[in-house]
Amino acid sequence: MEQKKVTFIGAGNMARSIIAGLVASGYPANLITATDPNEDQRSFLAKTYGINTEADNLAAVKDADAIVLAVKPQLMEVVANGLSGTDYSGKLVISIAAGISAQRLNEMFGATLNLVRVMPNTPALVGRGMSGLYAPEHVSEQDKAFAASLLEAVGKVCWVEQESGINNVIAAAGSAPAYFFLFMEAMQAEAIAQGFDKDTARLLVQQSALGAAEMVIANADTELSTLREQVTSKGGTTAEALRTFNEHQLSDIVAKAMQAAVTRAEEMEKLF
């Protein structure tokens, strides 16, 4: 992995998870800087990961080769204004803010940024993230590779050719952990209703979910439908449960939910 001076503007959960992944993978901590207005947070980052910290965003980006914009979308314009006068030529800018297009970021920062947009998800916090990336045509392959390597420190990545594809990544990965949590929550509730205590119900559900995910990974060349069929004996308990799901049109519900996520993402792009 190429080594650049990287500055994280914002040190929330996602930025911390990427920093932790980088340091754990051997990336030099002295090449990483993170900014945060909270002194306690800066102290925590410095002590935990051995990185540099800074309260002043402008000072932090001055010598940076790559800038990771890890602030909430509603704060992005304030951050951009605070960096007024920065020369972005030669700097790679990586945005993990949802809902702000490349064009809008260029407007905010007053430059045609060498930009990669990233849509990560929360499993990055445990090194199992899934991130979608998009870069305009003028971004070099070298910079794209570096951006991908940052996110690969906390999981897997994929590229989308069109910027609109970032919204589809939101539906399929960014928001997806919540879908699974909701399903698991419903299963736990029913297991409790059937007589299990809360902890046992959770163990049954979470271990089954983990095992299913591991089976998918271990059988990468096997279709998901085939894995499902292998668990389903004709006329058995699983078949009856799946019949009930199909009867209530689970596939249609999932499709509508994912499309709703895309629609909302498109709406959010008009807010900033």
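**Helix packing, aromatic pairs and selected residues**

With a relative accessibility of 2%, S131 is classed as buried (buried means under 20% relative accessible area, exposed over 50% and partly exposed in between, with a 1.4 Å probe and protein chains only). The model is predicted, so local features need pLDDT of at least 70 and side-chain atom pairs count only at pLDDT 80 or more, while totals for chains, interfaces and linings use all residues. Residues are numbered from 1 along each chain as its sequence is written, and side-chain values use heavy atoms, with hydrogens and water left out.

S131 belongs to strand β7 (residues 129-134). Helices (H or I, at least four residues) and strands (E, at least two) are DSSP runs, numbered from the N terminus. Apart from residues up to four places away in sequence, S131 touches V118, M119, P120, L151, K156, V157 and C158, where contact means heavy atoms within 4.5 Å. Another strand residue, T33, is found in β2 (residues 32-35). T33 counts as buried, at 15% relative accessibility. When neighbours within four places in sequence are set aside, the contacts of T33 are V6, T7, F8, N52, T53, E54 and A60.

L271 is located in the segment after α12 (250-268). With 55% relative accessibility, L271 counts as exposed. The C-alpha atom of L271 is 8.0 Å from that of G99, and the two residues are 172 residues apart along the chain.

Two packed helices are described by the angle between their axes and the distance between the axes. Axes are lines fitted to C-alpha atoms, for helices over the stretch in contact, and angles run from 0 to 180 degrees between N-to-C directions. Helix α7 (residues 165-174) packs with α8 at an angle of about 30 degrees, and their axes are 6 Å apart. Helix α7 is therefore roughly parallel to α8 (angles under 35 degrees count as roughly parallel, over 145 as roughly antiparallel, 65 to 115 as roughly perpendicular and the rest as oblique). In this contact, I170, A171, A172, A173 and G174 of α7 meet A176, P177 and Y179 of α8. The contact of α7 with α8 comprises seven nonpolar residues, one polar and no charged. Ala, Val, Leu, Ile, Met, Phe, Trp, Tyr, Cys and Pro count as nonpolar, Asp, Glu, Lys and Arg as charged, and the others, Gly among them, as polar.

Helix α8 (residues 176-193) also packs with helix α9 (residues 198-218): their axes come within 9 Å and cross at roughly 140 degrees. The two helices, α8 and α9, are therefore oblique to each other. On the α8 side the contact is made by M184, M187, Q188, A191 and I192, and on the α9 side by K198, A201, R202, V205, Q206 and A209. Seven nonpolar, two polar and two charged residues form the contact of α8 with α9.

Three aromatic pairs are present in the structure. Rings of Phe, Tyr and Trp (its six-membered ring) pair if their centres lie within 6.5 Å; planes under 30 degrees apart count as stacked, over 60 as edge-to-face and the rest as tilted. The ring centres of F44 and Y49 are 6.5 Å apart and the planes stand at 90 degrees, so this pair is edge-to-face. F44 is partly exposed, at 40% relative accessible area, whereas Y49 counts as buried, at 18%. For F183 and F245 the ring centres are 5.8 Å apart and the planes are at 40 degrees, so this pair is tilted. The pair links distant parts of the chain, since F183 is in helix α8 and F245 is in helix α11 (residues 237-247), 62 residues apart. F183 is partly exposed, with 39% relative accessible area, and F245 is partly exposed, with 34%.
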